[in-house]
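Please read them with the structure open.

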Amino acid sequence: MSTVKSSSENLTLNADGAGSDVVIQNNGTETVRVDSSGNVGIGITHTPTATLEVAGRIQTGTDSTHYGRFVGFSGSLYIGHRNDTADGTIIFGGFGGGTFTEFGRFNSNGNLLVNNQISFNSGYGSAAVAYGVRAWVNFNGTGTVAIRNSGNVSSITDLGTGNYRANFTNSMPDSQYVALPYSDGDFRTAQPTPSGFYPAYVEFTVRVEAGTYYDGAQCGIAVIR
Amino acid sequence: MTKRIIYKTDEGGVAVIIPAPECKHTIEEIAAKDVPSGKPYKIVEEADIPSDRTFRDAWEVDEAILTDGVGDVHDMFITDPQHPDYVEAE
């Protein structure tokens with residue numbers, strides 16, 4: 001083994017001359033290059049075109065089971081976090097004055113959690129804040145009542161003919177949301193119960209025009225906030 | 001999920017809770033959260049609920065059979081086993 005060593009002062013590798021690069025080879029093949037302008041290339045076969053250019057994975061972490069990884073593969077960029085003892089969450093944030101402030105995260109279930117508002121161009125000429133449906137459910141209110149599909153609804157409570165409660169998996173922050181129930185059938189009216197707005201659930205009814213309660217085959221509700 | 005949760009309403013009728021298939025929580029956890037606080041409830045099979053709803057508002061239940069638990073004061077799922085109100089799945 002040959003070693004280049006400096007015990008008591010800086011060690012300088014100097015490609016002394018305009019346009020000269022510092023090149024490291026392994027078994028005669030270039031593996032690392034620092035070009036004359038200070039750009040570093042690792043695993044590439046050309047002069048680096050950015051401050052750091054790497055052909056291959058970039059991985060940072062404390063050991064072999066806890067690391068973040070950036071991988072370019074098949075035309076896509078993969079950004080991942082491996083953590084064998086926790087949930088592998090990817091956290092986004094900023095370092096203001098050296099203190100990390102979280103802006104949002106992808107959790108281990110793939111859910112995106114954003115700490116503030118989401119703004120995007122909705123395609124209707126607006127880039128304003130978008131307010132989403134926080135809960136929804138589609139169910140059959142006839143015969144054996146059954147939920148077809150839902151989001152953020154743990155269950156519905158069948159309180160009687162045409163009388164329902166949608167229970168939220170995760171509660172609303174308050175009761176000041178908009179509830180939009182619906183039902184199939186001609187001359188049917190689906191409306192929230194005026195006193196039925198709660199953070200944990202919302203109550204609503206379905207009636208025919210004359211006011212009689214009605215079980216609809218296509219019933220549901222969407223909650224917006 | 002083919003289970004249902006029943007409890008007696010304040011008006012003397014029967015409320016039937018239908019769990020969402022997408023909900024990842026157990027029937028016991030759903031019962032603890034979605035049954036009103038203090039209401040005794042029973043977990044039954046879907047087939048035990050009449051499919052004929054002609055007289056739905058006249059349904060009654062004997063409170064003596066509502067022995068599976070009591071609605072929790074919490075309106076959120078308690079998933080921490082260390083929490084004093086945690087409900088363990090059977």
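1. A word on classes before the points that use them. Ala, Val, Leu, Ile, Met, Phe, Trp, Tyr, Cys and Pro count as nonpolar, Asp, Glu, Lys and Arg as charged, and the others, Gly among them, as polar. The model is predicted.

2. Take the second largest pocket with those classes in mind. Its lining divides into 7 nonpolar, 7 polar and 7 charged residues. The volume is about 400 Å³. Of the 21 lining residues, Leu159(A), Asn163(A), Thr9(B), Asp10(B) and Glu11(B) lie nearest the centre. Strands E13 (153–160), E14 (163–168) and E17 (201–208) of chain A are the elements that give two or more residues to this lining.

3. The largest pocket has a volume of about 670 Å³. It is lined by 18 residues, and nearest its centre lie Leu112(A), Leu113(A), Val114(A), Ile118(A) and Arg134(A). Two or more lining residues come from each of strand E10 (112–114) and strand E11 (133–140) of chain A. E10(A) gives the largest share, 3 residues.

4. Which domains of chain A each supply at least three residues to the lining of the largest pocket? They are domain 2 (60–129) and domain 3 (133–224). By class, this lining has 9 nonpolar, 7 polar and 2 charged residues.

Definitions and conventions:
Residues are numbered from 1 along each chain as its sequence is written. Chains are lettered from A and ligands numbered from 1 in the order in which they are written. This is a predicted model: local features need pLDDT of at least 70, side-chain atom pairs count only at pLDDT 80 or more; totals for chains, interfaces and linings use all residues. Side-chain values use heavy atoms; hydrogens and water are left out. On a 1 Å grid over the protein atoms alone, a cavity is a set of points where a 1.4 Å probe fits but cannot get out, and a pocket is an open set with protein on both sides within 12 Å along at least five of seven lines; lining residues have an atom within 4 Å of a point. Grid points are joined across faces, edges and corners, and a volume is the space filled by probe spheres set on the points. Helices (H or I, at least four residues) and strands (E, at least two) are DSSP runs, numbered from the N terminus. Domain bounds come from an automatic or database domain assignment.
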